[in-house]
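Visitor: I'd like to look closely at just one part of this protein, the sheet. Could you walk me through it?

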Amino acid sequence: GRTFELAQGDFVEVTQLVDLTGVTLVRTAMKVRTPKRIPPGFAWEVSISVDGVKHASVTLRAGSERSLDDLAANVSKLTGQHTVGVRLELV
């Protein structure tokens, strides 16, 4: 029920240090519901990043609800510890 002024590029993100040795894909398993009101011309983007680099993303309209079980990033060429993140960003 709270209202905040948001600007392009504002985001919320969750990261975790992960050993990607032998891992092919990093996938999301989440449900996203975006706010109904955003400034005209904007959208929400959900992305998977590895070490701060975006590897996969999907754009959602205002007021949408979606299960994101199909968002995946190919990490097959990476080994060792990496920071994996999921970000919701106003674009």
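Visitor: In what order do the strands of the open sheet sit?

Guide: The order is β1-β8-β4-β5, four strands with antiparallel pairing. One thing before we dig in: this is a predicted model, where local features need pLDDT of at least 70 and side-chain atom pairs count only at pLDDT 80 or more, though totals for chains, interfaces and linings use all residues. Residues are numbered from 1 along each chain as its sequence is written, and side-chain values use heavy atoms, with hydrogens and water left out.

The protein has eight strands and zero helices (DSSP runs numbered from the N terminus: E of at least two residues for strands, H or I of at least four for helices).

The edge strands are β1 and β5 (53-60), each of which pairs on one side only. Averaged over the sheet, neighbouring strands are turned by 15 degrees against each other, direction ignored (the axes are lines fitted to C-alpha atoms, and angles run from 0 to 180 degrees between N-to-C directions).

Now walk across from β1, residues 11-19. β1 and β8 are joined in the antiparallel sense by nine bridges (strands pair if DSSP finds at least two bridges between them). One of the contacts to look for: Phe 11 has Glu 89, in β8, as its bridge partner. Stay with Phe 11 for a moment, as Arg 87 has its charged end over that ring, 3.6 Å from the centre (for this, NZ of Lys or CZ of Arg must be within 6 Å of the ring centre and within 35 degrees of the ring normal).

On we go. β8, residues 81-90, also pairs with β4 (residues 44-50), antiparallel over seven bridges. Look for Trp 44 standing opposite Leu 90 of β8, and for Val 50, whose bridge partner in β8 is Val 84.

β4 and β5 make a hairpin with two residues between them, and in the turn Asp 51 has a positive phi of about 55 degrees.

You'll meet Val 84 again in the second largest pocket: Val 84, Gly 85 and Val 86 are in its lining, and so are Val 14, Ile 48 and others. (A pocket is an open set of points on a 1 Å grid where a 1.4 Å probe fits, with protein on both sides within 12 Å along at least five of seven lines; lining residues have an atom within 4 Å of a point.) This pocket holds about 190 Å³ of space. β1, β2 (25-27) and β8 each supply at least two residues of the lining, and β1 gives the most, with four. By class, the lining has seven nonpolar, three polar and one charged residues.

So what about the largest pocket? About 370 Å³ of space lies there. Twelve residues line it, and the closest to its centre are Arg 2, Thr 3, Phe 4, Pro 35 and Arg 37. Six of the lining residues are nonpolar, two polar and four charged.

Notes. Points joined across faces, edges and corners; volume = space filled by probe spheres on them. Nonpolar A, V, L, I, M, F, W, Y, C, P; charged D, E, K, R; others polar.
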